[in-house]
Amino acid sequence: MKKIFLAVCLLCSLSVFVSAKENEKQQFRVNAEAEVKVTPDRASMTFGVYYKDADLKKGRSQMQKVIADALAFCRKNGVQEKNLKTDYISVSPRYSNKFSKSSGYDKEVLEYDLTQTFTVVLEDVSKYDTILYGLLELGINKVENIAFYSSQVRKYRDEARLLAVKAAKEKATLLSNAAGVKLGKVINLSEDSVYTPYYGRNNFANASQNMTQYEGGYEGEGFSAGQTAIKASVSLVYEID
C-alpha cells in the first residue's frame, strides 16, 4: 500500500497547577494530536437485490439467479470466497388494492417484497469500478453501503501515536521556554480517544453524486478512494522544577 504523506495536527494547551501542599511541585500539561494519511487498500461494498412479485416462487427464483450470477462474476474477477458474504434474506407479504375493470371495484391483491443482500470485500481497490458496474449490469438493483479502509490500521495508529508524543514533547519545550518555566520529568502520559471514520457512502445515489468529494477525486475515468486519516491524541504532564 502506498502511503501518500504524514500530517501532524497539534492541539496544545498549557496548564500550571498550584498544589494545596507546599512541598508538592507545580505541573505543566501539554496536549497534541497527530494524524497519518494513508490510501485505503480495502473496499467493502454491500449490494442487494429487490423484487416485488405476486408469485412467491417466481420472485424467489429470479432473485436467486441474480445473486448466483453476481457471486460468480465476483469470483471470476478474483474476489476470494472468504470475501463474499450473504447478509440477510427478507420476504414480506404486501396487500394492495387494484381496480378491476370487469367487476368495477378494487380487488385486494397479495404480493411479496423479496430482498437479499450480500457483501463483497475487495483486497484490490483498483477493481472497484469493474465490480460495482459489472454487478449493476447483472441486475443488482440496490447498493446499500460502500466503505474504504486500511487493513493496517494498528500499524498506522501506532505511528500516529509516536508522532503525537514527539509533537507534544516539542511543544512542551517551546512553550515552557517561552514562559520561562523549567521542565522536570514526565509524571503522567495519557492517550485520548480519537474517532477515525472510514470513507463510505450509505447508498449508490450518494456514492455517485459525491465521488469527487474524496481527496483525490477521479483518476482518469476510474474512481479513486483518496485518503483516510488515522489519528492519535496524547497528553503529557511534566513536573516544574
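A salt bridge here is a side-chain nitrogen of Lys or Arg within 4 Å of a carboxyl oxygen of Asp or Glu. All views show a predicted model.

**View 1. R94 and D113 form a salt bridge.** The closest N and O atoms are 2.9 Å apart. The pair links distant parts of the chain: R94 sits in strand β5 and D113 in strand β6, 19 residues apart. R94 counts as partly exposed, at 43% relative accessibility. D113 is buried, with a relative accessible area of 12%.

**View 2. E35 pairs with K231 in a salt bridge.** Here the closest N and O atoms are 4.0 Å apart. The two residues belong to distant parts of the chain, with E35 in strand β3 (residues 27–38) and K231 in strand β12 (residues 228–240), 196 residues apart. E35 is buried at 7% relative accessible area. K231 is partly exposed at 26%.

**View 3. A salt bridge joins the side chains of E123 and K82.** The N to O distance is 3.7 Å. E123 lies in the loop between β6 (105–122) and α2 (128–138), and K82 in the loop between α1 and β5 (84–100), so the pair ties together parts 41 residues apart in sequence. E123 is partly exposed, with a relative accessible area of 35%. K82 is exposed, at 61%.

**View 4. R154, D158, R161 and E191 are linked in a network of salt bridges.** A search of the whole structure finds 12 salt bridges.

**View 5. Helix α3 spans residues 153–179.** The helix has 27 residues. From first C-alpha to last, α3 reaches 38 Å, close to the 39 Å expected at 1.5 Å a residue. Its buried residues include Y156, R157, A160, L163, A164, A167 and A168. A172 and S176 are also buried. An α-helix has 3.6 residues a turn, so residues three or four places apart point the same way. G180 follows α3, with a positive phi near 70°.

**View 6. L56, I89 and V91 form a nonpolar surface patch.** Together they have about 260 Å² of accessible area. L56 is found in helix α1 (residues 56–76). L56 is partly exposed, with a relative accessible area of 35%. Leaving aside neighbours within four places in sequence, L56 is in contact with V91, Y112 and L114. L56 and L114 are 58 residues apart in sequence and 8.5 Å apart in space, C-alpha to C-alpha.

**View 7. The whole chain has four helices and 12 strands.** Of its 241 residues, 38% count as buried. The chain exposes about 14000 Å², and carbon and sulfur atoms supply 49% of that area.

Technical notes:
Residues are numbered from 1 along each chain as its sequence is written. This is a predicted model: local features need pLDDT of at least 70, side-chain atom pairs count only at pLDDT 80 or more; totals for chains, interfaces and linings use all residues. Side-chain values use heavy atoms; hydrogens and water are left out. The expected span of a helix is 1.5 Å times one less than its number of residues. Buried means under 20% relative accessible area, exposed over 50%, partly exposed in between (1.4 Å probe, protein chains only). Patches are made of residues with over 30% relative accessible area and no salt bridge: like charges are joined within 9 Å, nonpolar side chains (Val, Leu, Ile, Met, Phe, Trp, Tyr) within 5 Å. Accessible areas come from the Shrake-Rupley method with a 1.4 Å probe; for residues, only the protein chains shown count as cover. Contact means heavy atoms within 4.5 Å.
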